[in-house]
Amino acid sequence: MLLLDIIEAAGWPIWLIIFSSIATVTIVIERLLSLRKKLVLPHGLLAQVVQDYRANGVSGESLQKLANSSPLGRVFAAGLKNVKSSREVMKESIEEVGSAVAHDLNRYLNTLGTLASITPLLGLLGTVIGMIEIFGAQTPASGTNPAQLAHGISVALYNTAGGIIVAAPALLFYRYFRGKVDGFIVEMEQQAVKLVEVVHGDRHH
């Protein structure tokens, strides 16, 4: 019952903060599950792709399977699709798909950043509404209304606290995910360059 008492004491503005907190938790869980290294950059995929290429060459079916396997697989498949073209064409196609993959990895992160920015403002809105209640509690005719005064203070404080409690983790996770994604993208570029070099080296032997 304590939580319901707090929500009641905090007034309607707290619902905006609760909605933000649900959205934040949902995005954080989804990204924690999606941005796992073994799903994005499967270990040993480069060696496996090179081995498969040397043994079987390139086929539409194997490229499709590789592209569907992981984000790194998509990048490799883009390079291998143009394996008969020049090194520059291979690199261009890898960069093109790489930017689409980077966009996918960054999915929902802007929303998370927005939630981190807007939740303290929602808390502030609740604080202002609480202050308005406090001033409304003091009328020249009846003097101060203690019950209304107390309610106004609780609205102000609970909303301020609620805004900060949601915003701080949202900001931390936003920074954490951005750093993780940047690291993934750098590693993908390095592995894609290695693939191009190996494939072109093989062609010239």
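Student: Why is Phe177 called buried?

Tutor: This is a predicted model, and in it Phe177 has a relative accessible area of 0%. Buried means under 20%, so Phe177 counts as buried.

Student: And what makes Tyr176 partly exposed?

Tutor: Its relative accessible area is 42%.

Student: Why are Tyr176 and Phe177 called a tilted aromatic pair?

Tutor: Their rings sit 5.4 Å centre to centre, and rings pair if their centres lie within 6.5 Å. The planes are 50 degrees apart; under 30 would be stacked and over 60 edge-to-face, so the rest count as tilted. The structure holds 2 aromatic pairs, and Tyr176 and Phe177 also belong to one aromatic cluster with Phe173.

Student: How do you know that Glu30 and Arg31 form a salt bridge?

Tutor: Their side chains come to 2.6 Å, N to O. The cut-off is 4 Å, so the pair qualifies. Arg31 is buried at 3% relative accessibility, while Glu30 is partly exposed at 27%.

Student: What makes Glu197 and Arg87 a link between distant parts of the chain?

Tutor: Start with the contact: their side chains meet in a salt bridge at 3.0 Å, N to O. Glu197 is in helix 9 (residues 146-204) and Arg87 in helix 7 (residues 87-105), 110 residues apart. In the whole structure, the search finds 5 salt bridges.

Student: What about Arg107 and Asp104: how do you know that they meet in a salt bridge?

Tutor: The N to O distance is 3.4 Å, and the limit is 4 Å, so they pass too. Salt bridges with shared partners join Arg74, Asp104 and Arg107 into one network.

Student: Why is helix 6 called largely enclosed?

Tutor: Count its buried residues: 8 of the 11 in helix 6 (residues 71-81) are buried, so the rest of the structure largely encloses it. Among them are Leu72, Val75, Phe76 and Leu80.

Student: How do you know that the buried residues of helix 4 are on the same side?

Tutor: The buried ones are Leu45, Leu46, Val49, Val50 and Tyr53. They cover an arc of only 135 degrees around the axis, which puts them on the same side of helix 4. On the other side, exposed residues include Ala47, Gln48 and Arg54.

Terms used
Residues numbered from 1 in each chain as written. Predicted model: local features only at pLDDT ≥ 70, side-chain atom pairs only at ≥ 80, totals over all residues. Heavy atoms only, no water. Buried < 20%, exposed > 50% of the residue type's maximum accessible area, 1.4 Å probe, protein only. Helix = DSSP H or I, 4+ residues; strand = E, 2+ residues; numbered from the N terminus. Arc of directions from axis to C-beta. Phe/Tyr/Trp six-rings, centres within 6.5 Å; stacked < 30°, edge-to-face > 60°.
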